[in-house]
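Please keep the sequence and the structure in view while reading.

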Amino acid sequence: MTVKEYNKSVEQYSDNVYRFILKNIKDTEKAKDIVQDTFEKVWKNHQDISFAKAKSYLFSTAYHTLIDSIRRDKYKAEWDKADENKYLTNESYSDVNEVLHQALDRLPPDQKNVILLRDYEGYSYKEIADITNLTEAQVKVYIFRGRQFLKNYIGKIEVLV
């Protein structure tokens with residue numbers, strides 16, 4: 001397909017492709033993006049496409065781009081539609097230390113022990129490895145996993161204070 005033929009196909013089919021996408025997703029901005037992505041893909045392959053098959057190629061590409069977009073969006077959270085009351089709590093904690101100890105109690109014993117030795121007692125990784133009969137690498141992994149759990153459990157410190 002030549003550049004002239006490509007431009008002609010844009011003029012002839014862009015509205016049809018847009019309506020096709022819009023009927024499927026009912027979001028004008030997203031439909032415009034998908035149409036633009038479709039024509040971009042067609043342009044990248046315009047030398048391999050015959051003008052006679054441009055319409056079917058366009059709709060086929062639009063359909064596959066639409067499916068890709070739907071699959072990608074399936075994993076995105078829609079925060080504006082989330083029920084905020086579900087994630088809010090009226091409980092307020094006056095003691096951050098209490099919350100931290102609750103979180104520590106939920107850790108597996110190995111992770112809890114190495115975190116206490118490292119963060120509360122100030123031992124080095126080598127000293128913790130000697131105390132617990134673990135390798136230094138295992139100690140680092142347990143500390144990392146334990147801290148990740150604590151971070152996820154507690155959340156932001158601003159919420160607690």
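How many helices and how many strands make up the secondary structure of the chain? In this predicted model, the secondary structure comes to 9 helices and 0 strands, and the pattern read along the sequence is accordingly α-α-α-α-α-α-α-α-α. Some totals for the chain are collected below.

| Property of the chain | Value |
|---|---|
| Buried residues | 25% of the 161 residues |
| Contacts between residues 24 or more positions apart | 58% of the contacts with a separation of 6 or more |
| Accessible surface | about 12,000 Å² |
| Part of that surface belonging to carbon and sulfur atoms | 50% |

**Helices H1 and H3**

Helix H1, which spans residues 3-25, and helix H3, which spans residues 54-74, have axes that come within 10 Å and cross at roughly 35°, and this crossing of H1 and H3 is right-handed. On the H1 side, the residues that meet H3 are Ser9, Tyr13, Asn16, Val17, Phe20, Ile21, Asn24 and Ile25, while H3 contributes Ala54, Lys55, Leu58, Phe59, Ala62, Tyr63, Leu66 and Ile70.

**Leucine 134**

Leucine 134 is found in the loop that lies between helix H7 (125-132) and helix H8 (136-154). When residues up to four places away in sequence are not counted, leucine 134 touches Val114, Ala129, Val139 and Tyr142. For valine 114, which is 20 residues apart from leucine 134 along the chain, the separation between the two C-alpha atoms is 9.9 Å.

Notes: Residues numbered from 1 in each chain as written. Predicted model: local features only at pLDDT ≥ 70, side-chain atom pairs only at ≥ 80, totals over all residues. Heavy atoms only, no water. Axes fitted to C-alpha atoms, helices over the stretch in contact; angles between N-to-C directions. Helix = DSSP H or I, 4+ residues; strand = E, 2+ residues; numbered from the N terminus. Left-handed = near helix turned anticlockwise from the far one by under 90°. Contact = heavy atoms within 4.5 Å. Buried < 20%, exposed > 50% of the residue type's maximum accessible area, 1.4 Å probe, protein only. Areas by Shrake-Rupley, 256 points an atom, 1.4 Å probe, with all protein chains shown as cover.
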